[in-house]
Amino acid sequence: MAKEEFPGWHGTTIIGVRKGGKVVVAGDGQVSLGQTVIKGTARKVRRLSPGGTDVVAGFAGSTADAFTLLERLEAKLEATPGQLARAAVELAKDWRTDKYLKNLEAMLIVTDGKDLFVITGAGDVLEPEHDVAAIGSGGNYALAAARGLMDSKKDAETVAREAMAIAAEICVYTNGNLTVEAING
């Protein structure tokens with residue numbers, strides 16, 4: 001099957017919410033190939049601890065590509081302990097310029113509890129406005145829902161969970177099987 005005929009992998013919504021001194025990253029578990037759900041319980045949010053630095057990362061896109069990027073991020077964090085921003089920028093530079101890495105198809109949300117970033121293959125390291133970041137096929141739905149909930153008295157985890165539930169109701173590539181990781185700022 002030619003690449004342009006390939007139905008494509010879909011099915012990720014990842015959200016990061018910073019509120020009340022805590023950052024929560026939540027991701028759904030659905031992986032789809034075309035119109036078929038391949039797996040409903042994938043784990044797309046992970047806790048990394050390179051060099052003693054606690055980091056939570058969520059990924060959207062190709063799983064193999066995302067794991068490659070997470071391994072590179074861990075190496076960058078080991079080289080620059082406690083400096084997530086620097087490690088993220090170094091990863092984004094490599095991702096954009098390296099012959100092998102620039103073909104990887106994934107996006108990351110990463111946090112150490114203080115900083116919250118979206119890292120893309122275009123060389124972007126974005127700090128979200130309004131303390132909410134979302135990526136993946138249902139990312140815009142989750143982002144809009146979370147933004148609407150941020151002024152409430154709800155904590156970061158509740159905002160993330162409710163935003164993901166709304167995204168799962170709207171996006172056919174998102175389900176309600178969540179992996180949630182929290183980290184204090």
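## A pair of facing residues

In this predicted model, V118 stands opposite L126 of strand β10. The strands β9 (residues 116-119) and β10 are paired in the antiparallel sense, over 2 bridges.

## The five-stranded sheet

Strands β9 and β10 belong to an open sheet of 5 strands, arranged in the order β6-β7-β8-β9-β10 with antiparallel pairing. The edges are taken by β6 (45-48) and β10 (125-126); each has a single partner strand, so one side of each is left without a neighbour in the sheet. In general, strands of a sheet pair through backbone hydrogen bonds, either parallel or antiparallel.

Two helices lie across this sheet. Helix α1 (residues 63-79) lies across β6, β7 (55-61) and β8 (106-111), and runs at about 150 degrees to β7. Helix α2 (residues 84-97) lies across β7, β8, β9 and β10, and its direction is at about 5 degrees to β9.

## Helices α1 and α2

Two packed helices are described by the angle between their axes and the distance between the axes. For α1 and α2, the axes come within 9 Å and cross at roughly 135 degrees. An angle of 65 to 115 degrees would count as roughly perpendicular and one over 145 as roughly antiparallel; α1 and α2 are therefore oblique to each other. The crossing of α1 past α2 is right-handed.

On the side of α1, the residues in contact are L69, R72, L73, K76 and L77, and they meet L84, A87, A88, E90, L91, D94 and W95 of α2. Sorted by class, this contact has 8 nonpolar and 4 charged residues, with no polar ones.

## The four-stranded sheet

A further open sheet is formed by 4 strands in the order β11-β2-β3-β12, again with antiparallel pairing. Its edge strands are β11 (132-136) and β12 (179-184), each of which pairs on one side only. On average, neighbouring strands of this sheet are turned by 10 degrees against each other, direction ignored.

Within this sheet, strand β2 (residues 13-19) pairs with β11 in the antiparallel sense over 5 bridges. The bridge partner of V17 in β11 is V132. Helix α3 packs on the sheet and touches β2 and β11, its direction making about 165 degrees with that of β11. Helix α4 also packs on the sheet, where it touches β2, β3 (22-27) and β12; the direction of α4 makes about 155 degrees with that of β2.

## Helices α3 and α4

How are α3 and α4 placed against each other? Helix α3 (residues 139-149) and helix α4 (residues 156-170) pack at an angle of about 140 degrees, and their axes are 8 Å apart. That angle makes α3 oblique to α4. Helix α3 passes α4 in a right-handed crossing.

The residues of α3 in this contact are Y141, A142, A145, A146 and L149, while α4 contributes V159, E162, A163, M164, I166, A167 and I170. By class, the contact has 11 nonpolar residues, 1 charged residue and no polar residues.

## Confidence in the model

The mean pLDDT of the protein is 91, and 94% of its residues reach 70 or more. Over residues 1-9, however, the pLDDT is below 50. This stretch has 13 contacts in the model beyond near neighbours in sequence. Where pLDDT is low, the predicted coordinates should not be read in detail.

Key: Residues numbered from 1 in each chain as written. Predicted model: local features only at pLDDT ≥ 70, side-chain atom pairs only at ≥ 80, totals over all residues. Heavy atoms only, no water. Axes fitted to C-alpha atoms, helices over the stretch in contact; angles between N-to-C directions. Parallel < 35°, antiparallel > 145°, perpendicular 65-115°, else oblique. Left-handed = near helix turned anticlockwise from the far one by under 90°. Contact = heavy atoms within 4.5 Å. Nonpolar A, V, L, I, M, F, W, Y, C, P; charged D, E, K, R; others polar. Pairing = 2+ DSSP bridges. pLDDT = per-residue confidence, 0-100.
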